[in-house]
Amino acid sequence: MIYEMQLRDEPFRKISDGTKTIELRLNDEKRQNVKTGDFIEFSHNDYPDRKILVKVIALHHFDSFAELFNAIPKEKLGYRPEEYANPEDMHTYYSQERQSQYGVLGIEFIKH
């Protein structure tokens, strides 16, 4: 199965250059269907013709982004070693209520 997801510029660039190997999402109905071995085609929000195809190699399920950030090396999430990885940043996209409702997902991948 191939899923389509959109990304802002910074995460798109980090996936493109290989510095981000886990995408963070709410584990909503759409993401609950993603399985290891599936493909995701990421497109750039501002330039939809720019795409990156990746293969899902692992799924990391957590109750919150705080738990995910504590369990997974921040470099896999696209942070540099000297950067502070703040799970609260994810509240920009997903409310605490929605995190509690669905849980969160780290989608680990390799570029295809």
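Rings of Phe, Tyr and Trp count as a pair when their centres lie within 6.5 Å. I kept that cut-off at hand while I went through this predicted model.

**Entry 1. Aromatic pairs**

I looked up the ring contacts. The structure holds four aromatic pairs. I wrote out one of them, F65 with Y94. Their ring centres are 5.8 Å apart, and the planes make an angle of 20 degrees. Planes under 30 degrees apart count as stacked, so I logged F65 and Y94 as a stacked pair.

F65 belongs to helix α3, residues 65-71. Y94 is in the loop between α3 and α4, the latter being residues 96-102. The two residues are 29 apart in sequence, so their pair ties together separate parts of the chain.

Are F65 and Y94 buried or exposed? I took under 20% relative accessible area as the limit for buried. F65 has 1% relative accessibility, so F65 counts as buried. Y94 has 12%, so Y94 counts as buried too.

**Entry 2. A charge over a ring**

Which residue lies over the face of Y79? I found K14 there, 5.8 Å from the ring centre.

**Entry 3. The largest pocket**

I went to the largest pocket next. Its volume is about 510 Å³.

Nine residues are nonpolar, four are polar and eight are charged.

I traced the strand pairing from β3 onward. β3 covers residues 39-44 and β4 covers residues 51-62. They pair in the antiparallel sense, and I recorded five bridges. Six residues lie between the two strands, which form a hairpin. For E41, I found L53 in β4 as the bridge partner.

β4 also pairs with β5, residues 104-111. Eight bridges join these two strands, and they run antiparallel. For F62, the bridge partner in β5 is V104.

I stayed with V104, which is in strand β5. Its relative accessibility is 1%, so V104 counts as buried. I checked its distance to D63, 41 residues away along the chain. The C-alpha atoms of V104 and D63 are separated by 5.9 Å.

Where is H112 placed? I found H112 in the segment after β5. Is H112 buried or exposed? With 64% relative accessibility, H112 counts as exposed, because the limit for exposed is over 50%.

Conventions. Residues are numbered from 1 along each chain as its sequence is written. This is a predicted model: local features need pLDDT of at least 70, side-chain atom pairs count only at pLDDT 80 or more; totals for chains, interfaces and linings use all residues. Side-chain values use heavy atoms; hydrogens and water are left out. On a 1 Å grid over the protein atoms alone, a cavity is a set of points where a 1.4 Å probe fits but cannot get out, and a pocket is an open set with protein on both sides within 12 Å along at least five of seven lines; lining residues have an atom within 4 Å of a point. Grid points are joined across faces, edges and corners, and a volume is the space filled by probe spheres set on the points. Ala, Val, Leu, Ile, Met, Phe, Trp, Tyr, Cys and Pro count as nonpolar, Asp, Glu, Lys and Arg as charged, and the others, Gly among them, as polar. Two strands pair if DSSP finds at least two bridges between them. Helices (H or I, at least four residues) and strands (E, at least two) are DSSP runs, numbered from the N terminus. Rings of Phe, Tyr and Trp (its six-membered ring) pair if their centres lie within 6.5 Å; planes under 30 degrees apart count as stacked, over 60 as edge-to-face and the rest as tilted. Buried means under 20% relative accessible area, exposed over 50%, partly exposed in between (1.4 Å probe, protein chains only). A charge sits over a ring if NZ of Lys or CZ of Arg is within 6 Å of the ring centre and within 35 degrees of the ring normal.
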